[in-house]
Amino acid sequence: MSVETQATAADSGAKATERFRANKSFTSEVTTERVNKLASRAIKALVDTVVEEKVTYEEYNALKAWLIQVGETGEWPLFLDVWIEHAVEEVANENRESSKGTIEGPYYVPNSPVQQTPGTLPMREDEPGTPLVLHGKVTSVDGNPLTGAKVEIWHADDLGFYSQFAPGIPEWNLRGTILTDDEGRYEIHTVQPAPYQIPTDGACGKLIDAAGWHAWRPAHLHLKVSAENHQLITTQLYFQAGEHLTDDIASAVKPELILDPQDVTDGSGREVGYDFVLATVN
Ligand code: MBD
Ligand code: FE
């Protein structure tokens with residue numbers, strides 16, 4: 001058994017929490033009025049559930065114990081990104097004229113190693129998995145190619161583990177930033193990721209188990225595509241005929257985001273094109 005299989009919920013939870021604190025600013029300007037409205041509605045939704053479902057003290061205490069455990073294992077980023085972020089993303093991007101976005105999830109790390117196109121993601125010498133080439137164009141909504149656009153990509157390995165969140169994987173494994181050429185083109189060489197299973201040994205896994213759900217996300221590539229004077233897209237790409245496209249635990253699949261890679265004729269792996277269209281800054 002490889003060291004990777006020793007990845008625990010508490011391990012990746014602690015790292016995701018640390019990563020959130022480092023990446024995101026949360027000294028935002030949420031007004032008293034807005035906090036009052038949102039907190040009141042969220043609490044009311046819970047209270048309504050208690051009243052309508054006649055929640056018992058046993059159930060109330062089970063919830064309390066579970067919430068305590070979510071905090072202790074650092075699984076708040078995982079919980080929120082799996083069950084809530086899809087709605088936030090939908091609202092945030094509903095009027096944007098760019099390529100489709102979807103959720104970021106808990107495992108983005110900024111400042112991955114930069115390469116001019118074509119680039120090969122950092123990977124181990126014996127990296128398992130089918131080689132995959134993703135290529136395409138980055139343009140503005142008006143059709144102009146964007147030179148020097150950044151295509152940041154990160155994904156799980158062939159066993160479904162992310163570098164920097166599961167132990168025993170080199171720091172930047174399967175994470176990189178590719179810059180487009182003077183025609184806006186990019187080409188990324190990597191390996192096909194595996195479906196991802198939410199850690200089953202933590203609080204989120206316990207909920208999934210107790211509710212009789214499953215813990216899977218379909219195999220996916222995460223991307224952030226950005227260029228000067230354009231709105232950054234955070235998105236994911238999935239694979240035709242892959243498992244869990246229709247029952248993603250994180251509700252983050254959209255039909256526009258499903259790739260259909262073809263075998264390369266020399267038998268060296270698979271290849272697929274995908275173009276990104278970026279909206280200009282308002
Ligand atoms: C992932 O890889 C992911 O993309 C999301 C949204 C949640 C947990 C793990
Ligand atoms: Fe992911």
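Is glutamate 183 buried, partly exposed or exposed, and what is its relative accessible area? Glutamate 183 is partly exposed, with a relative accessible area of 46%, where buried stands for under 20% relative accessible area, exposed for over 50%, and partly exposed for what lies in between (1.4 Å probe, protein chains only). The model is predicted, with local features needing pLDDT of at least 70 and side-chain atom pairs counting only at pLDDT 80 or more, while totals for chains, interfaces and linings use all residues. Residues are numbered from 1 along each chain as its sequence is written, chains are lettered from A and ligands numbered from 1 in the order in which they are written, and side-chain values use heavy atoms, with hydrogens and water left out.

Glutamate 183 forms a salt bridge with arginine 185, and the closest N and O atoms of this pair are 3.7 Å apart; a salt bridge is here a side-chain nitrogen of Lys or Arg within 4 Å of a carboxyl oxygen of Asp or Glu. Arginine 185 also counts as partly exposed, at 38% relative accessibility. The structure holds 8 salt bridges. One of them joins arginine 124 to aspartate 157, with the closest N and O atoms 3.2 Å apart. This pair links distant parts of the chain, since arginine 124 lies in the loop between strand 2 (119–120) and strand 3 (131–140), whereas aspartate 157 lies in the loop between strand 4 (150–155) and strand 5 (175–179), 33 residues apart. Strands (E, at least two residues) and helices (H or I, at least four) are DSSP runs numbered from the N terminus. Arginine 124 is buried, with a relative accessible area of 18%, and aspartate 157 is buried at 2%.

A further salt bridge is formed by arginine 217 and aspartate 248, whose closest N and O atoms are 2.8 Å apart. Here too distant parts of the chain are linked, with arginine 217 in strand 8 (residues 216–217) and aspartate 248 in the loop between strand 10 (233–239) and strand 11 (258–259), 31 residues apart. Both arginine 217 and aspartate 248 are buried. Lys24, Glu104 and Lys224 are joined into one network by salt bridges that share partners.

Histidine 220 and histidine 222 are both buried.

Two surface patches were also found, each made of residues with over 30% relative accessible area and no salt bridge, like charges being joined within 9 Å and nonpolar side chains (Val, Leu, Ile, Met, Phe, Trp, Tyr) within 5 Å. Accessible areas come from the Shrake-Rupley method with a 1.4 Å probe. The patch of negative charge gathers Glu52, Glu53, Glu58 and Glu59, and helix 2 (32–53) and helix 3 (57–72) each supply at least two of its residues. The nonpolar patch, of about 680 Å², is made by Ile43, Val47, Val50, Val51, Val55, Tyr57 and Tyr60. Helix 2 gives the most to the nonpolar patch, with 4 residues. Tyrosine 60 lies in helix 3 and is partly exposed, with a relative accessible area of 41%.

Note on methods. Lys, Arg positive; Asp, Glu negative; His and termini not counted. Charge placed at Lys NZ, Arg CZ, Asp CG, Glu CD.
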